[in-house]
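I opened my notebook to get to know a new structure. Here is the model I had on screen.

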Amino acid sequence: MEGTNQTGMIHFHFRPFSKLPEVQMLIFVAFLVMYLVSIGGNGSISLIIWSNHSLHTPMYFFLASLAALEICYSSTIAPLTLASVLSAERALISLPGCGAQMFFFIFLGSADCILLAVMAYDRFVAICHPLRYTLMMSWRLCVQLALGSLALGFILATQLTVLIFRLPFCRSQEISLFYCDVLPVMRLACADTWVHEATLLVVSLTVLTIPFLLIALSYVFIMAAILKIRSAEGRRKAFSTCSSHLTVVLLQYGCGSLIYLCPSSRYSPERGQVVSVVYTFITPVLNPLIYSMRNRELTDALKRTMMRFLLS
């Protein structure tokens, strides 16, 4: 079977959202707007945090890192999807091109989920151990945690992508999604994939289940600590800094779990299409809005930056 995988001759094409050109054009415009808004919103957060020294704290360092990851994550999917939707003919992607897109999707998506767990730990230390916060969350540790998220995502993406693209693909076929995701591509292989499905489950547990359990445990201690705060203003501030992070966690982990923690035999291309739109286009738009609306320091910094820009 391995000999049937003629890598240089195999091409995939993505399933269109609709056969009607008018609907395809509407989808193109909607995706383009969401992509540009996500790039602008996440880019603004990164620049505001970088340019305001009052925001040079571990919490905002991780937030800026998350925003930068969202930009790269969106750019892995959106440009090719936009070109495919706009194309009158079927947009083809080579086997190596599909592998590259899958690698960066897994790499950046995994790092994103792990970084959210790191941010939960940062909030746990800030609220439960405020007097030791600067000692425990040193800049060296913050950089190590951020780089560790990238390193773990890189390792998992490399192993899974190499394993999947060693499968034999006997002919060019249609991917039942708008990008090269793991399950739709795996289904196109002309070989048994139970080992690959088991590996995907292990990776999903590592990226989704374990970090989510750590986040949940952190928030148990955080909520207990917040309820002990006597002042209403102190409780409000603590809740506001945590609620935005918790909202993003539920969006990210909820969508990922619907796809990757369900048995592969129950995978639905139609459900996968809808959920994938949410976490590749909608979530990167919502993240900067959620953080900016629920964070007074970030909103004030944005206003100061805009005033400096208008007055300059």
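**Entry 1: the overall fold.** I noted to begin with that this is a predicted model. I looked up the elements and found 10 helices and three strands in the protein. Reading from the N terminus, I wrote their order down as β-α-α-β-α-α-α-β-α-α-α-α-α. The radius of gyration is 21 Å, close to the 20 Å that the globule rule gives for 312 residues, so I put the protein down as being as compact as a globular protein of that length. Along the principal axes, I have the C-alpha trace spanning about 65 × 45 × 30 Å.

**Entry 2: the inside.** I checked burial next, and 47% of the 312 residues count as buried. Among contacts with a separation of 6 or more, 80% come from residues 24 or more positions apart. I then turned to the largest nonpolar core, which has 92 residues. Phe-12, Leu-116, Phe-169, Ile-175, Val-185 and Tyr-279 have the most contacts inside it. Which helix gives this core its largest share? I found that H3 does, with 20 residues.

**Entry 3: H3 and H5.** I followed H3 (residues 95-128) to helix H5 (residues 139-164): their axes come within 7 Å and cross at roughly 145°. I logged the crossing as right-handed. On the H3 side, the residues that meet H5 include Gly-99, Phe-103, Ile-114 and Val-118. From H5, I picked out Leu-145, Ser-149, Phe-154 and Ile-164 among those that meet H3. Sorting the residues of this contact, I got 16 nonpolar, six polar and no charged.

Methods:
Residues numbered from 1 in each chain as written. Predicted model: local features only at pLDDT ≥ 70, side-chain atom pairs only at ≥ 80, totals over all residues. Heavy atoms only, no water. Axes fitted to C-alpha atoms, helices over the stretch in contact; angles between N-to-C directions. Helix = DSSP H or I, 4+ residues; strand = E, 2+ residues; numbered from the N terminus. Left-handed = near helix turned anticlockwise from the far one by under 90°. Contact = heavy atoms within 4.5 Å. Nonpolar A, V, L, I, M, F, W, Y, C, P; charged D, E, K, R; others polar. Core = buried A, V, L, I, M, F, W, Y, C linked by side-chain atoms within 4.5 Å. Buried < 20%, exposed > 50% of the residue type's maximum accessible area, 1.4 Å probe, protein only. Rg over C-alpha atoms; globule rule 2.2 N^0.38 Å.
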